[in-house]
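Here are some notes for a colleague who is opening this structure for the first time. Please keep the sequence and the 3D view at hand while reading.

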Amino acid sequence: MPKFEKGKLNKSQKSQEFNQDFAFRSLLFSLLLGIFFFIISILFNVADIFSLLLTSEEVLILEILNVAIKVLASLAFFFFMLISIGNYKDLLGKPANWKDIAFLFCLTLFQTVRNTFAFGITLFGLILMVLYFYIIQEV
Amino acid sequence: MKRSNLKLVALLLIFQFLIMPNSFLIYTKASTLEINPEFGGAPQIDGDLSDEVWDDAFKTTVNLTDLPTNLWVMQTDTHLYIGLSFNLHVDVEKSFLGIFISNSTSQSISNLKDAKIIQNTNLSNGDYEFLDYYINNNVFTLDSESNGNGAEKNKTDDWYYEFSIPLYCNDPEDVNLKYDHSYGFNITWGYPDVYPGDNIASAFVVINIQTPTPAAIDPIALSLFIIAIIISCITGAYLSLYLFKITILKKKIKRVIR
């Protein structure tokens with residue numbers, strides 16, 4: 001009987017270890033992607049390198065591309081950081097709370113503050129993303 | 001009157017007649033129009049002066065001899081733009097409108113060094129070409145490299161011209177127009193395609209090239225830029241703290257597994 005119990009414990013321990021390892025790798029990989037998109041976001045949103053590359057003539061397609069890069073970099077940063085924080089909190093044994101999400105939300109949104117269009121679209125995208133995560137969590 | 005006195009009076013009169021025309025010219029010469037161009041956007045050089053960009057131009061009227069002409073002058077950091085329009089019935093095939101640029105404010109023909117010319121090649125088809133000439137003692141030589149641009153538009157008897165002339169052009173065949181310097185511009189209409197031309201109407205103006213004023217800093221844009229920098233710094237600090245927490249967590253996990 002004790003032998004059987006010992007074997008059962010080892011199996012669950014191994015499974016827990018595997019889950020922890022997987023969660024940690026996911027956390028780290030998401031964090032690295034988050035940092036990558038944060039750097040892209042700084043370059044395009046804060047330093048505005050795209051405008052430096054543009055000539056004085058305003059070309060609509062290039063303007064759209066500029067805003068698209070800004071928005072996508074910010075949203076990708078939020079997405080991967082949210083996954084990373086979620087996994088981190090999961091490893092600690094407690095779920096990510098509203099304060100964490102709100103803080104990350106503000107950090108992401110205010111990166112795009114220099115461009116009105118990028119700010120507006122990012123706000124819309126962030127709300128959609130938060131709603132999506134909230135709904136799949138409830139389901 | 002004595003014969004010698006008579007000779008003296010005659011000499012004095014001859015001397016007076018020799019001096020008179022020059023002094024007459026000096027005192028009756030019309031004062032040269034000086035233009036301080038306004039700063040604006042770069043117009044498209046297509047002969048269309050209805051472009052909104054021209055709203056910012058310095059606008060005046062000059063007489064090309066006796067032809068009333070609207071003259072618009074505008075400047076950017078890199079170019080001087082000149083717009084001209086007049087009403088004239090032209091029935092000669094090869095008319096031209098040229099801007100002859102002096103390297104000083106002098107009207108003297110020896111100071112004219114550069115010519116930007118729009119030459120009509122076929123009046124009926126509305127064909128024209130922009131030509132850049134170098135002037136040396138009234139001898140016109142086509143530039144090896146053309147700088148600037150010009151265009152013409154004609155609606156019945158209304159003629160519209162647009163010129164762009166680069167500033168700080170280091171080509172030795174062009175006048176190097178610099179900020180805070182004044183240059184004479186001889187605007188000449190004539191025909192046929194020989195310069196400066198025998199049948200011409202012209203006007204001389206002085207254009208003072210302006211130094212661009214640095215663009216005023218928008219306080220809202222500056223505030224937003226500062227906010228973006230602060231947020232980026234906070235995010236960077238947050239990511240560093242988070243990375244530090246993760247390394248601690250990794251150590252904890254390893255300890256628990258052991």
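What is the volume of the largest pocket?

1. **Ground rules.** This is a predicted model, in which local features need pLDDT of at least 70, side-chain atom pairs count only at pLDDT 80 or more, and totals for chains, interfaces and linings use all residues. Residues are numbered from 1 along each chain as its sequence is written, chains are lettered from A and ligands numbered from 1 in the order in which they are written, and side-chain values use heavy atoms, with hydrogens and water left out.

2. **The largest pocket.** Its volume is about 380 Å³. Closest to the centre, among 16 lining residues, are Leu82(A), Ala96(A), Ile101(A), Phe133(A) and Gln137(A). Helix 3 (60-92), helix 4 (98-109) and helix 5 (116-138) of chain A each give two or more residues to the lining. A pocket here is an open set of points on a 1 Å grid over the protein atoms alone, where a 1.4 Å probe fits, with protein on both sides within 12 Å along at least five of seven lines; lining residues have an atom within 4 Å of a point. Points are joined across faces, edges and corners, and the volume is the space filled by probe spheres set on them.

3. **Lining by class.** Ten lining residues are nonpolar, three are polar and three are charged. Nonpolar covers Ala, Val, Leu, Ile, Met, Phe, Trp, Tyr, Cys and Pro; charged covers Asp, Glu, Lys and Arg; the others, Gly among them, are polar.

4. Is Phe133(A) buried or partly exposed? Phe133(A) is partly exposed because its relative accessibility is 22%; buried means under 20%, exposed over 50%, and partly exposed in between (1.4 Å probe, protein chains only). Leaving aside residues up to four places away in sequence, Phe133(A) touches Phe79(A) and Leu82(A); contact means heavy atoms within 4.5 Å. Phe79(A) is 54 residues away along the chain, with a C-alpha separation of 9.9 Å.

5. **Chain A overall.** Five helices and zero strands make up its elements. Helices (H or I, at least four residues) and strands (E, at least two) are DSSP runs, numbered from the N terminus. Of its 139 residues, 36% are buried. Contacts between residues at least 6 apart in sequence join residues at least 24 apart in 69% of cases.

6. **Asn45(A), a polar residue inside.** Asn45(A) belongs to helix 1 (residues 2-46) of chain A. Asn45(A) counts as buried because its relative accessibility is 2%. Its side chain makes a polar contact with the side chain of Ser74(A) at 3.2 Å. A polar atom of that side chain also lies 3.5 Å from the backbone oxygen of Lys70(A). A polar contact is a pair of N or O atoms within 3.5 Å; within protein, one must be able to donate a hydrogen and the other to accept it, and residues adjacent in sequence count only if both atoms are side-chain atoms.

7. **The interface.** Chain A gives 24 residues to the contact and chain B gives 20. Together they bury about 2,200 Å², 82% of it on carbon and sulfur atoms. Phe24(A), Tyr88(A) and Leu107(A) lose the most area in chain A, together 25% of what that side buries. Buried area is the accessible area (1.4 Å probe) that two parts lose on being put together, summed over both.

8. **Chain B overall.** Here there are two helices and 13 strands. Buried residues are 38% of its 258.

9. Leu97(B) lies in strand 6 (residues 96-102) of chain B, and its relative accessibility is 0%. Its C-alpha is 7.4 Å from that of Ile187(B), 90 residues away in sequence. Ile207(B) lies in strand 13 (residues 199-208) of chain B and has a relative accessible area of 1%. Among the residues Ile207(B) touches are Ile35(B), Val73(B) and Phe185(B).

10. **A loop to inspect.** Tyr168(B) lies between strand 11 (158-166) and strand 12 (182-191) of chain B. Its phi is near 50°, a positive value in a residue other than glycine. Asp180(B) is in the loop between strand 11 and strand 12 too, with phi near 60°. Tyr168(B) is partly exposed at 40%, and Asp180(B) is exposed at 64%.
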